[in-house]
Amino acid sequence: MGEVIVVTSGKGGVGKTTTTANVGTGLAKLDKKVVLIDTDIGLRNLDVVMGLENRIVYNLVDVIEGNCRIKQALIKDKRYNNLYLLPSAQTRDKTAVTPDEMKQLCDQLRDDFDYVIMDCPAGIEQGFRNAIAGADRALVVTTPEVSAVRDADRIVGLLEANEMKKTQLIVNRLRMDMVARGDMMSSQDVVDILAIDLIGIVPDDENIVVSTNNGEPLVGGDSLAGQAYMNICKRIAGEEVPFLDLSARKGFFGRLFGRKK
Amino acid sequence: MSFLDIFKKKTVSSSNIAKGRLQLALASDRAGCSPEIMEKIKNDIINVISKYIEIDVAGLDIKIQQTEGENGEGLVPVLFANIPVKEIRRG
C-alpha cells in the first residue's frame, strides 16, 4: 500500500510546486509508481511545471464529482511511464472539494501507487485542509527568510493539531555565500527555530528557473539542486543519505574563514 | 558600555537578528498570545502594581520569550516583564 505525502508551506512562492514536481519525478526515477495531485483548485500550475499542460482532459474536480473515472483524469508523464499527474480545476474554487472527499481519493490511489504526492495551495484555509486530510506524511517547504519560517511554524502547529504522523522540513533556496557572511539564516538556524526533522536542503540554483521554463524537472541531474532533490527522494524511500556539502563550492576566502556556527 | 561592547554590537549579523526576531515572534504565536492580549495583560499589571508602588508606565515592557528550561527540557516560553519603578521620593 502506497504512502500519501503532502507538500505544504503556508507562505506562497517558496517552492512547493517545484518541490512536488522534482520529488515526484525523482521517485519515479527510483522506479516507484507515483501520482502527483495538484490540489490548488483555481490556481493550477503543477501541470506547466511538469510540462503536461497540453494534455489535460479531466481534472481533480471532475473525479470528485464523478464526471469521469480516476484513470481517465490521470495524465501520463512525458518521460516516465510510472509517473502520473492529476491536474487541478482551473475554473472552480476550493469549496468544490471537501477534506473527506480528498481522503477517499487518496485511499483509492494508494492501492495502485507507491507514492501519492499532493501539491498544497498556500494559506491555511480549506485548500490546505483538503490537501492534508488524507496524508501520512507532510513535507514543509520553507526558505531561510523570516516570513516563510514564521508561516512554516504555523503550518507545523496545524499539522500537529491534525495529528499528522510525520512532518519533515525542506529548506529551499539556501545561498551558502550569504550564509557564510552572516546575511542568511543557515539550515541549522531554521531547524533550531522550527524544531522538526530535516529531510532536505536545496541550494538556490538558476537551473531551477531553466528547468521550469522547459517544463522538465531537473531532479537527478548534475546541478546542485538536482542532486539535492534526488537525495530527498532517496530519504523518502528510506535510504540514509548524507546532506550535500554545499560549502565545498565556496572560493578560497570562503574556505579560509570557514563556516561560522 | 565598554569599548568592546561597541565593537560587538557592530558584528551582529543580519542572520542572527532574523533568528532572534523569529524566536520572539514565534514564542508569542505558539503561546496563542496576540498583541491585543499582551496589551490587556500589560494594562492589568499596571493597575495591580500601581496600587502599591509608582511605576514608569511608559518604560514598561512585557513580552513572551524563550529561555533554556531549568530541567533540561530545552527552550520553554516565559512571560518576561520589565517594570521600571519611579524614583522613590523621600519624605
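**Before you start**

The model is a predicted one: local features need pLDDT of at least 70, side-chain atom pairs count only at pLDDT 80 or more, and totals for chains, interfaces and linings use all residues. Residues are numbered from 1 along each chain as its sequence is written, while chains are lettered from A and ligands numbered from 1 in the order in which they are written.

**Stop 1: the sheet of chain A**

Show chain A as a cartoon and pick out the strands. Eight strands of chain A make an open sheet with mixed pairing, in the order S3-S4-S2-S5-S1-S6-S7-S8. Its edge strands are S3 (75–76) and S8 of chain A, each of which pairs on one side only. Two strands pair if DSSP finds at least two bridges between them.

Zoom in on S3(A). Its partner is strand S4 (residues 83–86) of chain A, and the two run antiparallel over two bridges. Which residue of S4(A) stands opposite Ile75(A)? Select Leu85(A), and you have found the residue opposite Ile75(A).

**Stop 2: Leu85(A)**

Stay with Leu85(A), in strand S4 of chain A. Is Leu85(A) buried or exposed? Leu85(A) is buried, because 28 other C-beta atoms lie within 10 Å. The cut-offs are these: a residue is buried if 20 or more other C-beta atoms lie within 10 Å of its own, exposed if 12 or fewer, and partly exposed in between, with C-beta atoms placed from the backbone.

Now colour its contacts; two residues are in contact if their C-beta atoms, placed from the backbone, lie within 7 Å. Setting aside neighbours within four places in sequence, the contacts of Leu85(A) include Leu36(A), Leu46(A), Met50(A) and Leu52(A). Then draw a distance from Leu85(A) to Asp38(A): they are 47 residues apart along the chain, and their C-alpha atoms are separated by 7.8 Å.

**Stop 3: helices lying across the sheet**

Select helix H7 (146–161) of chain A. H7(A) lies across S1, S6 and strand S7 (166–174) of chain A, at about 165° to S6(A). Next, select helix H11 (residues 224–236) of chain A, which lies across S7 and S8 of chain A at about 160° to S8(A). For these angles, axes are lines fitted to C-alpha atoms, for helices over the stretch in contact, and the angles run from 0 to 180 degrees between N-to-C directions.

**Stop 4: an enclosed helix**

Select residues 126–133 of chain A, which form helix H6. Why is H6(A) described as largely enclosed by the rest of the structure? The reason is that six of its eight residues are buried. Among them are Phe128(A), Asn130(A) and Ile132(A). The cover over the buried residues of H6(A) includes strands S1 (3–8), S5 (115–119) and S6 (137–142), along with helices H5 (99–112) and H7 of chain A.

The axes of H5(A) and H6(A) come within 7 Å and cross at roughly 30°. These helices are therefore roughly parallel to each other (under 35 degrees counts as roughly parallel, over 145 as roughly antiparallel, 65 to 115 as roughly perpendicular and the rest as oblique). Show the side chains where they meet: Pro99(A), Met102(A) and Lys103(A) of H5(A), with Arg129(A), Asn130(A) and Ala133(A) of H6(A).

**Stop 5: two loop residues**

Jump to Asp31(A), in the loop between helix H1 (16–29) and strand S2 (34–38) of chain A. Most residues other than glycine have a negative phi. Asp31(A) is not a glycine, yet its phi is positive, at about 70°. Asp31(A) counts as exposed, because it has 11 C-beta neighbours inside 10 Å.

Select Ala195(A) next, in the loop between helix H9 (187–194) and strand S8 (197–203) of chain A. Ala195(A) also has a positive phi, of about 50°.

**Stop 6: chain B**

Finally, switch to chain B, which has three helices and two strands. From the N terminus on, they run α-α-α-β-β. Of its 91 residues, 7% count as buried. Select Gly20(B) in helix H2 (residues 14–30) of chain B. Gly20(B) and Gln65(B) are 45 residues apart in sequence and 9.9 Å apart in space, C-alpha to C-alpha.

To end the tour, show both chains together: their contact takes 13 residues from chain B and 12 residues from chain A.

Terms used:
Helices (H or I, at least four residues) and strands (E, at least two) are DSSP runs, numbered from the N terminus.
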